Number of protein chains: 2
Amino acid sequence: MAVDPEHVLRAAAALLTRKSTATMDEVAKAAGISRATLHRHFAGRDALVRALEALGIAECEAALDEARLDEGPASDAVRRLVGAIEPAAGLLAFLYTENQLFEGEEQNAGWATIDDRISALFRRGQLGGEFRIDLTPAWLTEALYGLMASGAWMVHSGKGAPKDFQHMIVELLLGGALRREES
Amino acid sequence: MAVDPEHVLRAAAALLTRKSTATMDEVAKAAGISRATLHRHFAGRDALVRALEALGIAECEAALDEARLDEGPASDAVRRLVGAIEPAAGLLAFLYTENQLFEGEEQNAGWATIDDRISALFRRGQLGGEFRIDLTPAWLTEALYGLMASGAWMVHSGKGAPKDFQHMIVELLLGGALRREES
DNA sequence: CCCGAATGAGACATCCATGTCTCATATGGT
DNA sequence: ACCATATGAGACATGGATGTCTCATTCGGG
């Protein structure tokens, strides 16, 4: 009978990714539990979103670890990062829009850490001569978020295949839309 | 005494861009009118958002016209487009997230027209040999939206300057993060 | 100057999500 | 088998936003 909070969070994430205004009642149904039980585990919608935020941060950190950002060419690290983060892209896209509601209030410090790690990767690429230096690491990081949200949205709306997620994002982020001279 | 609906829409757009959950009361205050009057002009929050959607579409169309997408190199057209659309980026970013609430219901057909015009631009660039062909026009279009949302977010949060908006987006979208060999 | 129309202020009812509570039931360990 | 505990179902109160209404006031044109 014990409810698995992890499973509840996954179900909530899956639902809220699709319908960000879903009711606590809908979330409970999606998780296969009653609203009362949902409330026993997460005291209110706010707590639920915070828990989802913590989950998203944890998955991000895990993806960052898995991608081994310090190893090899920075562009390869970016490739690994996008690939590793893909399963969490939907959740992150939800949090990305939801976080803007929290503006003004205290932000979860976890995001700053993640921002820093990703920014450091781009900076490493710049220092190593791989990446151009006229685009700031902060912008490249923000752009990566935006492209992941767009990619998640495309997959979710059926306009793109999940298998193309990594390729679409990485190729555009690193290479851009212009044809390159043969190297 | 006559209220200018256009001015009300502008104020609503400016407010909702910053706080997407603003109340009808807050919108009315922001527009300098009473809630009753706001209600007389826009029958409910839904109607207001629809009107904002129409405004956003109109501004997009205007930017598309102003950018003369058919003239000259496609990359220059993209540059002009981003520059022309910058003033509306905040509103578009709001609608971009708000539209997901309407999923399932009928979408405003105006977006499809805009998608088509932008996609056509990217396709033209591909056929002309300017743009790489392994990224679909649909994805490039979606990516442009995502980057504009990220750019608007960066400017809004103070992490980036408005004057860099066009440069950041265009350079990343067209050129990517990798250093190019000297051409 | 006067009258009609639009506005502002506020009261009022309503709806919806939320949060809390109770009680019966089911589960799982001892 | 028994008991403690967690769950499900639903009632209930609450708060916030919305939509509607009235009435006094103000503005602007004739």
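**Reading a DNA surface and a chain pair**

Modeller: The surface near DNA strand C is made of seven nonpolar, seven polar and five charged residues. Asp, Glu, Lys and Arg count as charged, Ala, Val, Leu, Ile, Met, Phe, Trp, Tyr, Cys and Pro as nonpolar, and the others, including Gly, as polar. The model is predicted, so local features need pLDDT of at least 70 and side-chain atom pairs pLDDT 80 or more, while totals for chains, interfaces and linings use all residues. Residues are numbered from 1 along each chain as its sequence is written, chains are lettered from A and ligands numbered from 1 in the order written, and side-chain values use heavy atoms, without hydrogens and water.

Biologist: Which residues are the closest to DNA strand C?

Modeller: A residue is near a strand if one of its heavy atoms lies within 4 Å of it. Here 19 residues surround DNA strand C, the closest being Thr23(A), Met24(A), Arg35(A), Val3(B) and Thr37(B).

Biologist: Which atoms of DNA strand C does Thr37(B) approach?

Modeller: A polar contact is a pair of N or O atoms within 3.5 Å. An N or O atom in the side chain of Thr37(B) is 2.6 Å from a phosphate oxygen of DNA strand C. Met24(A) uses a backbone N or O atom, 2.9 Å from a phosphate oxygen. In Arg40(B), a polar side-chain atom lies 3.1 Å from a base oxygen. Two elements give two or more residues to this surface: helix H3 (35-41) of chain A and helix H3 (35-41) of chain B. H3(B) has the largest share, five residues. Helices are DSSP runs (H or I, at least four residues), numbered from the N terminus.

Biologist: How many residues of chain A are in contact with chain B?

Modeller: Contact means heavy atoms within 4.5 Å. By that rule, 42 residues of chain A touch 42 of chain B. The two chains bury about 4,000 Å² between them, 63% of it on carbon and sulfur atoms; this is accessible area (1.4 Å probe) lost on being put together, summed over both. Arg132(A), Trp139(A) and Trp153(A) supply 18% of what chain A buries against chain B, more than any other three residues.

Biologist: At what angle do H4 and H5 of chain B pack?

Modeller: Two packed helices are described by the angle and the distance between their axes. H4(B) (residues 45-66) and H5(B) (residues 74-85) pack at about 140 degrees, with axes 8 Å apart. Axes are lines fitted to C-alpha atoms over the stretch in contact, and angles run from 0 to 180 degrees between N-to-C directions. Cys60(B), Ala63(B), Leu64(B) and Glu66(B) meet Leu81(B), Ala84(B) and Ile85(B).

Note on methods: Polar contact = N/O pair within 3.5 Å; in protein donor to acceptor, adjacent residues only side chain to side chain.
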